[in-house]
Amino acid sequence: QVQLVESGGGLVQYGGSLRLSCTASGNIYSIYAMGWYRQAPGKQRELVADITSGGVTNYANSPKERFSISHNYKNFSVYLQMDNLKPEDTAVYYCYAQNVVTRDWSHGDHWGQGTLVTVSS
């Protein structure tokens with residue numbers, strides 16, 4: 001069974017930094033892309049950034065200049081470096097893996113359970 005486990009969330013002050021990590025496990029053969037979404041209270045889940053196994057990145061317009069996504073597909077991990085955090089970045093951040101192929105040839109997309117990021121003003 002494929003699982004995505006996130007870490008790195010927490011409480012940070014305005015202007016601070018956090019680094020989120022996510023690792024996928026579960027007899028995985030390949031993953032097309034991994035990324036991060038976030039959902040603020042009362043709002044819809046939105047894309048933050050994603051990255052393909054080949055290293056092609058895609059960022060939402062905001063907060064593109066403050067966040068940086070990277071990956072290590074050898075261990076099916078993705079990271080989100082968040083700098084100059086603002087209160088509007090407060091949300092639950094979800095890791096996402098697209099087109100996960102397992103060694104028994106199942107295919108699917110998977111989500112982590114989310115990690116809370118709170119930015120105080």
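Before we turn to the sheet, one term is needed: two strands are said to pair if DSSP finds at least two bridges between them. Please also bear in mind that this is a predicted model.

I begin with the sheet. What is the order of the strands in the open sheet? The order is β1-β3-β8-β7, which makes an open sheet of 4 strands with antiparallel pairing. At the edges stand β1, residues 3-7, and β7, residues 67-72. Each of these has a single partner strand, so one side of each is left without a neighbour in the sheet. On average, and ignoring direction, neighbouring strands of this sheet are turned by 15 degrees against each other.

Strand β8 covers residues 77-82, and it pairs with β7 in the antiparallel sense over 6 bridges. Two positions illustrate this pairing. Phenylalanine 67 has methionine 82 in β8 as its bridge partner, and isoleucine 69 stands opposite leucine 80 in β8. Together, β7 and β8 form a hairpin, with 4 residues between the two strands. In that turn, phenylalanine 76 has a positive phi of about 55 degrees.

I come now to the covalent link. A disulfide is a covalent bond between the sulfur atoms of two cysteines. How many disulfides does the structure hold? The structure holds 1 disulfide, and it joins cysteine 22 to cysteine 95, with an S to S distance of 2.0 Å. The angle about the S-S bond is -85 degrees, and the link is left-handed. Cysteine 22 lies in strand β3, residues 18-25, while cysteine 95 lies in strand β9, residues 91-102. The pair thus links distant parts of the chain, 73 residues apart.

Are these two cysteines buried or exposed? The cut-off for buried is under 20% relative accessible area. Cysteine 22 counts as buried because its relative accessibility is 1%. Cysteine 95 is also buried, because its relative accessible area is 0%.

My last topic is charge. Side chains of opposite charge can pair when their charged atoms come close. In this model the count comes to 3 salt bridges. Which residues do they link in a network? The network of salt bridges links Arg38, Glu46, Arg66 and Asp89.

I shall take the bridges in turn. Arginine 38 forms a salt bridge with glutamate 46, and their closest N and O atoms are 2.8 Å apart. Arginine 38 counts as buried at 8% relative accessibility, whereas glutamate 46 counts as partly exposed at 38%.

Arginine 38 also forms a salt bridge with aspartate 89, where the closest N and O atoms are 3.0 Å apart. Aspartate 89 lies in the loop between β8 and β9, and arginine 38 lies in strand β4, residues 28-39, so the pair ties together parts that are 51 residues apart in sequence. Aspartate 89 counts as buried, at 0% relative accessibility.

Finally, the side chains of arginine 66 and aspartate 89 meet in a salt bridge, at 2.7 Å from N to O. This pair links distant parts of the chain, 23 residues apart, with arginine 66 in the loop between β6 and β7. At 14% relative accessibility, arginine 66 counts as buried.

Thank you for your attention.

How values were computed: Residues are numbered from 1 along each chain as its sequence is written. This is a predicted model: local features need pLDDT of at least 70, side-chain atom pairs count only at pLDDT 80 or more; totals for chains, interfaces and linings use all residues. Side-chain values use heavy atoms; hydrogens and water are left out. Axes are lines fitted to C-alpha atoms, for helices over the stretch in contact, and angles run from 0 to 180 degrees between N-to-C directions. A disulfide is a pair of cysteine sulfur atoms within 2.5 Å. Buried means under 20% relative accessible area, exposed over 50%, partly exposed in between (1.4 Å probe, protein chains only). A salt bridge is a side-chain nitrogen of Lys or Arg within 4 Å of a carboxyl oxygen of Asp or Glu.
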